[in-house]
Amino acid sequence: MDNSLQLNALLDAIARIIITVDRQGIITSLSSLAQQHLRLTRGRKLADELPDFWPQVKQVLIGHSTEQTLILHLAQQEYFVDINPISIEGMTTGAVCTLVGSQQLDTMTRNLPSFQTLSRELDTIIDSSSDGLFVCDAKANVIRVNPASERIHNMSARQLVGRNMQDLIESGFIDRSAALETCRTKKPASLLQNKDGRKLISIATPVFDELGELIRVVVSERDITEIDTLQRELEEQEAISDQFRDQMLAMQQAELDSKQIIARSPQMLRTLQQAIRVAGADSSVLVLGESGVGKGLIADLIHKNSRRASHPLIKINCGAIPEPLIEAELFGYEKGAFTGAQTGGKPGHFELADGGTLFLDEIAELPLPSQVKLLRFLEDGRIIRLGGTDSKKVDVRVLAATHRDLEKMVEDGSFRLDLYYRLNVIPIQVPAVRERRDCIVPLIRHYIDLFSQQSGNKKRLTRAALDALASYPYPGNVRELMNICERLVVMSETETIDLPDLPAQIAQRSENLAFDSLDWPEGMTLQEALDRVEKHILEKARQRFSNQTEVAVALGVNQSTIARKLKRHGLT
């Protein structure tokens, strides 16, 4: 048989795309597959036939490389290419090029037992995940759905695979897609979805090839409706187990919740217990506490649980009424008592509260002349209108409140000692928010939900934002907490309220606390300190998130990076 025919038969028998060239780059022989797939002709220059391929072959022919292994796109197909020199007596006389198509290589790989085992393991991991998993291509087309996602959406994978996420949104399957966001930005995306009245959290993670091109988007999703409900139920159960809560649960549940009094800490529960106990008596009560702690709500609670509940509760802020008018407002005035007085006179707040309760807020601002008349009423229960001479008996219980130090004012002579003792029959101290740490998170959740309901725009706090809000001392107490919650609900542009949405003083304080808590023992190097900080952050992240993907999204790195660092710190 002719040598050339024998060579061609040999090349065809190998069943590969094989090309041989001489030292000048002339094609000397071809397999049938090379002629069929690449349309090559023997005797032509490779540089003319395949100009993108020729530079790599040339490197081998001139001796700059003993072999070349690369991936090329030729004739709209992807090939794995192996280029080796042909040497005779130490001299390079040509090169042989072997090309294997990606589809053929994929088929070969899949037939390997090791690959089949790995594929089965991967399938088992994906299908056994309790989190729903969507796998999409770079254009957000669904290519795989695991059983957990089928259960979440009540649809089979057969109905979803092959469809585009944009089409699924338009059909009403979901309201928005993390996969579409990742395809657009090439960055991880996390968002909340509404699905048939349930809340789903979706986290999309991009997957890139060796050239940095996006090839896949993996979306994990979880139904957090039940988690959210369980968390709230757990908070309620923890509060109920408190020893003070056991004593006043029925009354607080029925009456305090409507007044937005939220008590979880022992200090606040003790205050409420005292208020309910004194409600049955007619003794004067002095409510003490900083501005904004809710002294007015304590007065409401005392009145509502007293025998006077069916009669008026009159509230007056002693600091909000001009000093010349305070006596007329409290005790009323007769006809012609002063310039501008009503012709028929006017009853004061004591008369209006007859049979009920009078709450004097900011009692420390009461002028000394009015203090004398108040003391007289507390002694005999009678009042005299301004400009009048006849006294009148009224049945009024007096509750007073102040944020100032009355004992010091007594020493300074700005508050009467005898009036102080008359008012301070039963003192109730309302703790500041910073002293009732157990109440802060329930308060925040309550007011976020309340203002969300009022605005018709449901908002949700991230864990980081909730931690930052919970660590803030609230110098303005509950009033400041309410204002902050209302501002967050109104001003947040997204459904999720995160750290960037918080007021600057809260976000900055959270960052400062994080750095101030770091310990740097003497003799520790910078790298050792950084490693300690990194390990601390990873430990916190593992407690906060359920898997490595969520940790990676929160910290803005790849999941593989998180896995590597966890292993390095012994946290796997």
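**Figure 1. K565 and E534 pair up in a salt bridge.** In this predicted model, the closest N and O atoms of K565 and E534 sit 2.9 Å apart. The pair links distant parts of the chain, with K565 in helix α26 (residues 559-568) and E534 in helix α24 (residues 526-544), 31 residues apart. K565 is partly exposed, at a relative accessible area of 22%. E534 is partly exposed too, at 21%.

**Figure 2. D282 and R307 meet in a salt bridge between two loops.** Here the closest N and O atoms are 2.3 Å apart. D282 lies in the loop between α13 (266-278) and β11 (285-288), while R307 lies in the loop between α14 (295-304) and β12 (313-317), so the pair ties together parts that are 25 residues apart in sequence. How buried or exposed are the two partners? D282 is partly exposed, with 38% relative accessible area, whereas R307 counts as exposed at 54%. For background, side chains of opposite charge can pair when their charged atoms come close.

**Figure 3. R416 and D418 form a salt bridge.** The N to O distance for this pair of side chains is 2.8 Å. R416 counts as partly exposed, with a relative accessibility of 30%. D418 also counts as partly exposed, with 32%. Zooming out, a search of the whole structure turns up 21 salt bridges.

**Figure 4. Strand β6 is largely enclosed by the rest of the structure.** Which residues point which way? G132, F134 and C136 point one way from β6, and L133, V135 and D137 point the other way; all are buried.

**Figure 5. β6 pairs with β10 and with β7.** Six bridges join β6 to strand β10 (residues 214-223), and the two run antiparallel. Look for G132 opposite E221 in β10. With strand β7 (residues 142-145), β6 pairs over three bridges, again in the antiparallel sense. In that pairing, V135 stands opposite R144 in β7.

**Figure 6. Helix α17 has a set of buried residues under cover from several elements.** At 1.5 Å a residue, the 13 residues of α17 (residues 368-380) should span 18 Å, and the end C-alpha atoms are 19 Å apart, which agrees. The buried residues in α17 are S370, Q371, K373, L374, L375, F377 and L378. What covers these residues? The cover includes the helices α15 (323-331), α16 (349-352) and α19 (417-423), along with the strands β13 (357-361), β14 (382-384) and β16 (397-402). An α-helix has 3.6 residues a turn, so residues three or four places apart point the same way. After α17 comes G381, with a positive phi near 75 degrees.

**Figure 7. H349 is a buried residue of helix α16.** H349 has its place in α16 and counts as buried, with a relative accessibility of 17%. Which residues does H349 touch once its neighbours within four places in sequence are left aside? H349 is in contact with I314, I316, E329, L330 and L358.

**Figure 8. Helix α20 and the glycine just after it.** With 19 residues, α20 (residues 437-455) reaches 28 Å from its first C-alpha to its last, close to the 27 Å expected at 1.5 Å a residue. Its buried residues are C439, I440, P442, L443, I444, R445, Y447, I448, L450, F451 and S452. Just after the helix, G456 takes a positive phi of about 70 degrees.

Figure 9. The protein chain has 26 helices and 19 strands. Of its 572 residues, 41% count as buried. Among contacts between residues at least 6 apart in sequence, 56% join residues at least 24 apart. The accessible surface comes to about 31,000 Å², and 51% of that belongs to carbon and sulfur atoms.

Terms used. Residues are numbered from 1 along each chain as its sequence is written. This is a predicted model: local features need pLDDT of at least 70, side-chain atom pairs count only at pLDDT 80 or more; totals for chains, interfaces and linings use all residues. Side-chain values use heavy atoms; hydrogens and water are left out. Helices (H or I, at least four residues) and strands (E, at least two) are DSSP runs, numbered from the N terminus. Buried means under 20% relative accessible area, exposed over 50%, partly exposed in between (1.4 Å probe, protein chains only). Contact means heavy atoms within 4.5 Å. Accessible areas come from the Shrake-Rupley method with a 1.4 Å probe; for residues, only the protein chains shown count as cover. The expected span of a helix is 1.5 Å times one less than its number of residues. A salt bridge is a side-chain nitrogen of Lys or Arg within 4 Å of a carboxyl oxygen of Asp or Glu. Two strands pair if DSSP finds at least two bridges between them.
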